[in-house]
Amino acid sequence: MGVHPTSVRGRGQAPRARVTRPLPSRQTIPIVPVNPQLAPVGLSVGATLAWGFSDFVGGYASRRANAFLLTTITHVSGTSLMLVLALLLKAPFPGKDSLLWAMAAGLLGGTALAVFYRAMAAGDMGLVAPVGAVLGAAIPTVVDIFIEGVPSPVRMVGYVLAGAGIWFISRTEGPAGRPQGIGLAVVAGIGFAGYFLCIRHAGSGSVLWIAAASRAVSFVATGAIVLATRQFRPMDGTGVAWGILAGLLDVTGSAFFIHASQTGRLDAAVIISSLYPAITVLLARFFLQEHFSRWRVVGLVAALFAVPMIAL
């Protein structure tokens, strides 16, 4: 039986070396460059939605109960959510400095939120919410521009549009005078600014632990206010449920914002997140029939144009 000559190698002949070709790289080059600012902008938009819903729910619930007691409930629910998630996901525990800044943020933010709820209960929800947002956004934005430098011209125009949007949303039509709750809204806005700045200094530690630490301190602060002022007006089950929901939404927005500030510029994260009054105003208009003027429509349009410009 014959054998094909190519099937047998000569005795003592070294086998042929197998030629290996490098596998093609699986890394693909995107056709359209991805702006690294898009992720922080998306997170900031998430914070806007969560905070807008939270403030509407909290402001509505504060009309049924003491504002500080309600805020204490919101912090309990928010802290519990972040702690459970941090433990389940085994998030790394942050360092000492990060925790201290997170606790300082919680002290300022918790007190400011309680004052904010009280302001919305005393006045027009659609006016008080934007006033607190304007101050809360302006102070850290100016500080961050001094630290990190002036952003691009397009983004600066977006900042101006966003500020104008918040301003027009807050504008009311009616007799001149001091609106109820405006003084408390100013105090709340300063507290929110302090929260933003402290959160940025908390560094790049675990978002869940930073949010949990800040909310835990907020709970202690508002709980102390309730005990000191003896404001124990009872709450019905509906009020407690609204408070828990507001807390879950609020801490979710905080987690989005913390992550946005860690991955991008603080001023961009603050400006976009501070557009949450637009959500609050829309909800107040549709569910509480609060006045919705043409200036608020202009503000909403300005805010819609501002977000993509900031993302560029």
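A helix here is a DSSP run of H or I that is at least four residues long, and helices are numbered from the N terminus. With that in mind, colour the protein chain from its N terminus on and read off the elements: α-α-α-α-α-α-α-α-α-α-α. That makes 11 helices and zero strands. Keep in mind that you're looking at a predicted model.

**Stop 1: the whole chain.** Stay zoomed out for a moment. The protein chain has 312 residues, and 48% of them count as buried. Now think about which residues touch which. Among contacts between residues at least 6 apart in sequence, 92% join residues at least 24 apart.

**Stop 2: helix H1.** Select residues 38-62, which make up H1. At 1.5 Å a residue, H1 should span 36 Å, and its end C-alpha atoms are 35 Å apart, so the two values agree.

**Stop 3: helix H2.** Next, pick residues 67-88. The 22 residues of H2 reach 32 Å from the first C-alpha to the last, close to the expected 32 Å. Then click on Lys90, which follows H2 and has a positive phi, near 55°.

**Stop 4: a helix pair.** Two packed helices are described by the angle between their axes and the distance between the axes. Select H3 (residues 96-122) together with H6 (residues 182-201). Their axes are 8 Å apart, and the packing angle is about 160°. Angles over 145 degrees count as roughly antiparallel, so H3 and H6 are roughly antiparallel to each other. The crossing of H3 past H6 is left-handed.

Show the side chains where the two helices meet. On H3, the residues making the contact include Trp101, Leu108, Leu113, Phe116 and Arg118. On H6, look for Leu184, Phe192, Tyr195, Cys198 and His201, among others. What classes of residue make up this contact of H3 with H6? There are 17 nonpolar, four polar and one charged residues.

**Stop 5: Leu304.** Finally, go to helix H11 (residues 294-311) and find Leu304 in it. Is Leu304 buried or exposed? Its relative accessibility is 66%, and exposed means over 50%, so Leu304 counts as exposed. Leu304 and Leu275 are 29 residues apart in sequence, and their C-alpha atoms are 9.6 Å apart in space.

Note on methods:
Residues numbered from 1 in each chain as written. Predicted model: local features only at pLDDT ≥ 70, side-chain atom pairs only at ≥ 80, totals over all residues. Heavy atoms only, no water. Axes fitted to C-alpha atoms, helices over the stretch in contact; angles between N-to-C directions. Parallel < 35°, antiparallel > 145°, perpendicular 65-115°, else oblique. Left-handed = near helix turned anticlockwise from the far one by under 90°. Contact = heavy atoms within 4.5 Å. Nonpolar A, V, L, I, M, F, W, Y, C, P; charged D, E, K, R; others polar. Expected span 1.5 Å × (residues − 1). Buried < 20%, exposed > 50% of the residue type's maximum accessible area, 1.4 Å probe, protein only.
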